[in-house]
Every structure is written in C-alpha cells, then in structure tokens.
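Got your viewer open and a selection tool at hand? Let's walk through a couple of stops together.

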Amino acid sequence: MENENNYYNQPETGESLENQGSDVANQQTEGQPEQQSYGQANQQTYGQSYGQPNQQTYGQNMGYGMPPVGPNGQPLKNNYVMKLTFSILEIISCCIGNIVTLIMGILGCVFTSKANTSYKEGRTEEFKSQSKTATICLWVGLGFLVLELIFVIIASVLDAGPSGDDLYVKVDGETINVPSDYSTLNEQGFSLDEYDAGTTLDGNGDFGLYQMMNEDGEYVMWCWFYNDSSSTKPLEECDIIGIDVDYYCENYEDYRTSEGLGFFDTADDFIDAYGTPDEIDRDGDEAFYAWYFDNGSDPVWRVMEVTFVDGMLYDIDVDYKK
C-alpha cells in the first residue's frame, strides 16, 4: 500500500514540479519581453508624441522663438527700452526743436516696436534691419535737435541786448522797471517836486519829461510820463515809460543799466554788451547811439539811447515807447 501510494504520488509530484518549472519559464519568457516592449516602446512613443512635437507646436503657435544670434553665436542685444525712451524724448522735445526731430522720433518709435516684435519671434534678419533703421532715425533726430540748440545759443549771444521784462535801471541804489508807474516809484522813495506835482497831460498819447527827486530832495533822474487814455490826467495817474539820467543828476555815478553799465563805461563797452547799435549819429564832439529791443515792434518797443561828448558819457535814456 505504501508503494502504491508512493507510485501514484511521485508522478503527480514530478509532474507538478515540471509544470511549475514550465510555468516559471513561460512567465519569464512572456513577462519580460512584453513589459520591455510595452514600457520602453510606449514610453518612447509617448514622450516623442507628447513632449517634443507638442512643445514645438506650442512655441510656434504662441509666436515666440529663439532670440536672434550674431556671427559668434551669442544672442543679439535688443535695447528696446533705451531706444523707445529716446524716441519719446525726441517727440516731446519738438517744442524746442524742429519738425525733423519730431518725425525722426515718431519713426524711431515705430521701428523700435517692430524690431522688438521680430526679436521675440526669433526673426534675425528682420530684427537687424528694423533695429538699424530705428537707430539711424534717432541719430538724425538728435543731430537736428543739437543744431537747433546751437543756433539758439548763437542767436542769443549775437543779440545780447535785453528784451521784455528784463529792461530796468538802477537809480540811487533802487531797481526801477521800465515801464512803471508813479505810485510804484513813490513807494521806492521818489517823487515829483512841488512845481510839477499835479501837472496834467492831455489824452491820446500826450507825454512829457519831468525831473524826479529822492527822499533827500536830490534830483536823481528824469522820467518820461505818458497818458494813454482819452481824457486829461495828472502826472501821478500817468504811466512812466522811460528813465533818463544825465551827467548833472545827483548820484549819477551810482546809475546802472540792466547790464551793469554806467557813466564810467565807454561806447565800446555798450556795444560789447548790447551788440551793434541800430542807430548811430555823430555831430562834432557828440556821438549818439541807440538800440531798439523787441525787434523795434510797433506800436510797443523799447529803446536805449546813450550820448557821448568828447568820449565821455553824458546821458543815458531807457524808454518804453508806444
């Protein structure tokens, strides 16, 4: 009975081991190739299909590319912010420049923006061309602006004479603007004497020259009074459109023009300060010079007149004429 049992049990046991071995072999044979085939192949296919192609398509669809590179393989500089800033400055500066600077500033702004777009999209040749054009426009605009400023400086040097509100004189230590009025000069310590106080001027442009004195009663200057109204007015209500000081006025040595000139300066000093006189008149020992400011505009203009006798300054007259 043991033999029979062993006989029947052994074949079953052997067959089971054989089958188990076969199963293990089949598992190794079938498992690894399938896993390798599915894992590597599918992973490679998945990566190529999803990663690289999709990434390339996404970049192209978004409009971005690699930055343009130069001959040495290094990325080119864009300088977008700097060029755009200079473009805007040239556009703004047209108020002191000229129309060329304005146009060049606008063109520089346009081509700078185009170059920036080409740079982002990786279009090297277009970026180079547009960036170069923008640079040329900006330099041309800057050049014309500099020329304009040079001309302005030269013109201001050649026309050294005062104009507008800077026409004034200093009498007895006080600064008097031309034109002015009696009440203002009175506050500065100047007044008419008792003989001229209350004197009237007819309307419609009547004018006259009257002497003024300081608080000490010294006659320090002459004033041109002007009545621009249609009715008669006393001097105290009229405009003062000129200051005249001569060699016989008290404290004449303290007199100064707005350029700092006085009675101890020569004709050449006045010409150096105010430029070539608009009028010159010589009669014997006397020499008369006149400068017309504000281009001698009519009906309002300013004039400075100086008279020399034997080379010495005798009279300085600064007027605001209407």
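**Stop one: a strand pair**

Start by selecting residues 279-283, strand β11, along with residues 286-293, strand β12: they pair in the antiparallel sense over five bridges. Pairing here takes at least two bridges found by DSSP, and strands are DSSP E runs of at least two residues, numbered from the N terminus. Before going on, note that this is a predicted model, where local features need pLDDT of at least 70 and side-chain atom pairs count only at pLDDT 80 or more, while totals for chains, interfaces and linings use all residues. Residue numbers run from 1 along each chain as its sequence is written, and side-chain values use heavy atoms, leaving out hydrogens and water.

Now click E279 and look across to β12, where A290 is its bridge partner. Next, go to the turn: the β11 and β12 hairpin has two residues between the strands, and G284 takes a positive phi near 65° there.

**Stop two: the charged trio**

How many salt bridges does a search of the whole structure find? Two, counting a side-chain nitrogen of Lys or Arg within 4 Å of a carboxyl oxygen of Asp or Glu.

Select R123 and show side chains. E121 meets R123 at 2.6 Å, N to O. The shared partners join E121, R123 and E126 into one network.

Switch to a surface view: E121 is partly exposed at 34% relative accessible area (that is, between buried, under 20%, and exposed, over 50%, with a 1.4 Å probe and protein chains only). R123 is partly exposed at 30%, and E126 counts as partly exposed at 35%.

Methods: Helices (H or I, at least four residues) and strands (E, at least two) are DSSP runs, numbered from the N terminus.
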